[in-house]
Amino acid sequence: MDLQYEFPPQHQAGKECYNFPTEIERSLTSVFAPRNILVVGAGIAGISCALSLAKELTPFVPDLQITIFERHDILSTSGGAINLTPVAQRHLDRLGVLAELDKMGTEGGTDVEAIELFSSRSGRQLGSIDFTDHHGNGFGGYKGRRVMRIILSVAMIAVVERTKNIRIVFGKKLIRGEETEDHALLHFHDGTSATGDLVLGCDGVHSATRSRWVSPEHPSEYTGISFLQTVIDTRSIQSPIHFHSTSMNISRHGSLLASYCDREHDQIFLAAIVQFPESNLPHCKIENGQDWVTQHRIKNSLQEEMQSRFGKSAIPCIREMTSKPADWMLYPVYQVRPGARWHTDRALLLGDAAHAMPPRDESAAYALDDSILFSRILAKHRHEPLPVAFKAYEDLRRKTVNSAFKASRRMWEKNRDMGYLEGRLKEWTLPLYIRNHREEREAAWEFDATQITIPMPAEGGSLYSYGNSDCS
Ligand SMILES: Cc1cc2nc3c(=O)[nH]c(=O)nc-3n(C[C@H](O)[C@H](O)[C@H](O)COP(=O)(O)OP(=O)(O)OC[C@H]3O[C@@H](n4cnc5c(N)ncnc54)[C@H](O)[C@@H]3O)c2cc1C
């Protein structure tokens with residue numbers, strides 16, 4: 001039995017205190033604690049999970065090796081910008097990612113103090129979602145931040161590169177997974193495979209880990225809503241800009257997000273959130289290898305779509321932004337309905353792979369919460385077989401995620417096309433909705449996955465381990 005295990009006299013993270021292990025406990029830890037962890041997907045969930053597992057487990061498993069398999073050969077420049085809530089920023093700070101973003105200068109993203117809401121029809125301000133309290137301070141010290149997705153990926157990978165027991169392998173698209181009593185096995189499209197003790201499926205909404213292994217009966221489904229996105233040069237706009245850092249411009253034909261995405265405010269990220277029929281999606285997708293004429297036709301038709309929806313806005317800069325030729329791209333939004341199985345005996349789904357919901361600026365924070373909570377739980381249950389940690393994680397997480405999904409769905413409905421009267425009603429009721437949910441929002445931003453109490457392994461939990469120790 002492998003006894004290469006060093007136990008720190010005290011481990012203060014999460015205010016936990018560990019007793020010095022007995023000889024039996026030493027050997028049990030080495031039996032159950034995973035040493036070779038395979039992560040599928042180098043997105044927010046995959047990288048944050050690898051970083052937080054390295055932090056939580058390395059003190060107990062010094063020979064820990066984490067490998068992240070990413071299907072892309074290189075980082076994708078598509079995807080536009082993402083808003084990080086105070087919760088997401090706090091987690092990224094602790095993982096060392098914010099420091100990397102800050103080193104990048106203007107590209108590291110812009111502070112978002114509030115998302116200002118406007119009526120596109122009248123130009124009137126309808127309210128704001130504030131990322132600061134009444135004194136102008138961020139929640140837990142953090143405001144919002146809008147940053148290009150590719151820049152966030154670069155910052156996360158920079159932290160991975162200096163973490164000695166994590167490596168990323170690009171160009172590895174998972175096509176299938178399987179497990180035996182002792183190991184999990186991943187098969188990639190290039191014919192190669194990888195073996196490990198634990199698999200974390202962090203491969204996003206269309207997760208192969210979910211659809212081809214853990215929960216095949218739960219496919220992703222189109223929400224009926226898509227994002228039409230582009231980035232424009234601020235200097236190309238002559239009309240006065242009506243927002244400080246981020247605006248959401250509401251109309252009965254969908255909402256248009258207009259936000260700076262760099263510290264110097266040189267660039268504006270535009271994303272229209274609109275109802276878009278599923279049958280039209282194949283005709284509007286820009287893909288690698290498409291000929292120039294097809295791409296030109298798609299871009300023109302998306303431009304016309306934007307003009308028809310926002311071209312008559314009462315806000316001059318919105319009219320101007322949506323009438324200029326730009327590289328509009330369509331991003332259909334998919335979801336995974338609650339109820340998917342989250343784990344087998346050796347594989348667990350995290351982030352969008354488990355619970356993709358219509359985005360409302362908070363989904364990245366859910367992926368980060370997942371990673372941090374699971375890492376803490378696994379470290380605490382390291383004396384138990386993996387399913388014990390999986391169950392403890394699911395018990396803690398399922399309810400929160402299900403109610404977040406419901407809330408996202410309700411908000412999402414407001415983006416579908418509506419008639420004149422319904423549109424006016426939306427304008428009247430939105431300020432009330434924003435005000436009434438303020439406390440709930442702010443409480444969510446105070447939530448800290450690094451601080452909440454992780455239930456102790458049940459009495460007798462280690463007896464389960466003792467009873468099974470001969471399986472070594
Ligand atoms: C249009 C849009 C706008 C959004 N805006 C926001 C926002 O402003 N704020 C916010 O908080 N959230 C936002 N979200 C949600 C947020 O992007 C996701 O919740 C978050 O990215 C989830 O992270 P993830 O790591 O689980 O998945 P992803 O970010 O999707 O990462 C999955 C990774 O797995 C890789 N992968 C996929 N399949 C395979 C495979 N078979 N083998 C190997 N690798 C694979 C992918 O290439 C990718 O790198 C938005 C979502 C959409 C669709």
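## Packing of H3 and H10

Helix H3 (residues 86-94) and helix H10 (residues 363-380) have axes that come within 8 Å and cross at roughly 45°. Helices (H or I, at least four residues) and strands (E, at least two) are DSSP runs, numbered from the N terminus. Axes are lines fitted to C-alpha atoms, for helices over the stretch in contact, and angles run from 0 to 180 degrees between N-to-C directions. H3 and H10 are therefore oblique to each other; angles under 35 degrees count as roughly parallel, over 145 as roughly antiparallel, 65 to 115 as roughly perpendicular and the rest as oblique.

On the H3 side, the contact is made by Val 87, Ala 88 and His 91, and on the H10 side by Ala 364, Ala 365, Leu 368 and Ile 372. Two residues are in contact if their C-beta atoms, placed from the backbone, lie within 7 Å. Six residues of this contact are nonpolar, one is polar and none is charged. Ala, Val, Leu, Ile, Met, Phe, Trp, Tyr, Cys and Pro count as nonpolar, Asp, Glu, Lys and Arg as charged, and the others, Gly among them, as polar.

## Around the ligand

Gly 41, Gly 43, Gly 204, Gly 351 and Ser 363 come nearest of the 32 residues around the ligand (C-beta atom, placed from the backbone, within 6 Å of it). H10 gives the most to this shell, with four residues. The shell divides into 17 nonpolar, eight polar and seven charged residues.

## Basis of the model

The model is predicted: local features need pLDDT of at least 70, side-chain atom pairs count only at pLDDT 80 or more, and totals for chains, interfaces and linings use all residues. Residues are numbered from 1 along each chain as its sequence is written.
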